[in-house]
Amino acid sequence: MNQNIKHIPVMTKELIDSLQIQDNGIYIDTTFGLGGHSIEILKKLGKNGKLYAIDKDLNSVLIGKKITDQRFCIIHDSFSKILNYAKSNKIVGKVDGILFDLGVSSLQIEDYKRGFSFKKNGPLDMRMNQTCGITASDWINKSDTKKIIFVLKKFGEERFAKKIAHEIKDYKRKKKIKETLELVNIIKKSIPIKNIFKHPARRTFQAIRIYINQELEEIQSALEDTLKILKPGGRITVISFHSLEDRIIKKFMTKHSTKAQIPCGMAITEKEIKKLKICKLKIINRLFPTYEEIQKNPRSRSSILRTAELKKYE
Ligand SMILES: C[S@@+](CC[C@H](N)C(=O)[O-])C[C@H]1O[C@@H](n2cnc3c(N)ncnc32)[C@H](O)[C@@H]1O
């Protein structure tokens with residue numbers, strides 16, 4: 001692990017303001033990364049506050065373990081296990097705020113050995129959790145063309161999915177794909193248009209990364225669990241980096257904040273009463289990075305921050 005890699009946290013002020021940190025509150029940072037957001041939360045917390053952190057990347061957890069603050073603890077796991085974690089720490093229904101800062105950290109992107117970067121050569125790995133799961137190389141070598149097309153279309157919205165998948169098939173007849181730049185060269189051969197603003201391998205790498213790490217399923221399941229973990233008035237803030245993620249978050253917040261539409265004067269059925277009761281969230285905000293932040297940290301360009309609050313009644 002390269003100790004010199006820095007990760008500039010995205011929309012930190014907006015995130016801290018959105019969470020409305022309570023002096024002695026309980027918070028969960030589900031995506032610790034290099035701890036940028038966690039450190040800001042700790043600065044705001046009083047001496048009886050508590051911050052629980054999670055990351056599925058062992059390197060991030062090793063960084064977190066160096067924080068010697070009694071109010072802080074970190075575990076190595078997926079955030080889809082957040083409910084188990086909350087149960088074992090006896091904080092179900094007691095948490096003031098939960099934060100998700102999705103995607104990959106600079107620690108992961110800039111370490112060529114992790115295989116996330118399409119700019120540096122390295123083993124085609126892409127697993128966020130280095131201790132389990134299948135590598136991108138193993139997946140691509142064993143998958144058929146149909147499956148590869150499906151993944152590139154669904155998780156990368158790649159227009160040239162078919163061409164890329166057929167080029168991959170031809171290449172695999174001669175040799176297994178083991179390195180990042182091998183895959184980049186295959187993609188470059190398959191894509192006719194050159195967009196000087198976007199790397200041709202960007203969408204394919206995003207798609208494989210999302211698929212390998214089951215990123216969308218992870219978010220989906222963790223979001224639903226936050227409703228059980230938060231206390232009434234507690235807040236959930238999510239920073240996402242692409243439309244596939246943001247769609248899930250928007251849908252989740254809308255679903256739990258929309259009341260059933262009952263026409264005036266119409267008798268309400270049991271089913272409709274139940275529907276009324278599932279309106280659990282109040283949407284607080286949707287924020288974008290400022291122009292100044294984008295200038296300083298281009299990685300923030302595509303980020304969207306959304307916050308919702310668990311309603312106090314019910
Ligand atoms: C964008 S970085 C977070 C950066 C962090 N907020 C900071 O200030 O340094 C995302 C982190 O979330 C972790 N991550 C992504 N998906 C995860 C999941 N399903 N469970 C646990 N950690 C996850 C990644 O390993 C990565 O370290």
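Biologist: Which element gives the largest share of the lining of the largest pocket?
Modeller: That's α10, with five residues. Keep in mind that this is a predicted model.
Biologist: Fine. Which elements give two or more residues to the lining of that largest pocket?
Modeller: Those are α5 (106-109), α10 (202-212) and α12 (243-255).
Biologist: And how many residues line the largest pocket, and which lie nearest its centre?
Modeller: The lining has 32 residues, and Phe118, Arg202, Arg299, Arg301 and Ser302 lie nearest the centre. By class, the lining of the largest pocket splits into 11 nonpolar, 11 polar and 10 charged residues.
Biologist: What about the space in the largest pocket?
Modeller: About 1300 Å³.
Biologist: Let's switch to the ligand. Where does the ligand sit?
Modeller: In the largest cavity. That cavity has a volume of about 380 Å³.
Biologist: Which residues that line the largest cavity are closest to its centre?
Modeller: Thr31, Asp55, Asp101, Leu102 and Gly103, out of 32 lining residues. The elements giving two or more residues to this lining are α2 (36-44), β2 (50-55) and α11 (215-229).
Biologist: Which of the elements has the largest share of the cavity lining?
Modeller: α11, which supplies three residues.
Biologist: How do the residues of the cavity lining divide by class?
Modeller: Nine are nonpolar, 13 polar and 10 charged.
Biologist: Now the ligand's own surroundings. Which residues come nearest to the ligand?
Modeller: There are 25 residues around the ligand, and Asp55, Phe79, Asp101, Gln108 and Glu218 come nearest. The shell around the ligand consists of seven nonpolar, 12 polar and six charged residues.
Biologist: What does the side chain of glutamate 218 have 2.6 Å from one of its N or O atoms?
Modeller: A nitrogen atom of the ligand. Histidine 37 also has a polar side-chain atom 2.9 Å from a ligand nitrogen.
Biologist: And leucine 34, which of its atoms lies 2.9 Å from a ligand oxygen?
Modeller: For leucine 34 that's a backbone N or O atom, 2.9 Å from an oxygen atom of the ligand.
Biologist: Last one: what percentage of the ligand's exposed area does the protein bury?
Modeller: The protein buries 98% of the 600 Å² that the ligand exposes when taken alone.
Biologist: Great, thanks for the tour!

Terms used. Residues numbered from 1 in each chain as written. Predicted model: local features only at pLDDT ≥ 70, side-chain atom pairs only at ≥ 80, totals over all residues. Heavy atoms only, no water. Near = heavy atom within 4 Å. Polar contact = N/O pair within 3.5 Å; in protein donor to acceptor, adjacent residues only side chain to side chain. Areas by Shrake-Rupley, 256 points an atom, 1.4 Å probe, with all protein chains shown as cover. 1 Å grid on protein atoms, 1.4 Å probe; cavity = no way out; pocket = protein on both sides within 12 Å on 5 of 7 lines; lining within 4 Å. Sits in = over half its atoms within 2 Å of the grid points. Nonpolar A, V, L, I, M, F, W, Y, C, P; charged D, E, K, R; others polar. Points joined across faces, edges and corners; volume = space filled by probe spheres on them. Helix = DSSP H or I, 4+ residues; strand = E, 2+ residues; numbered from the N terminus.
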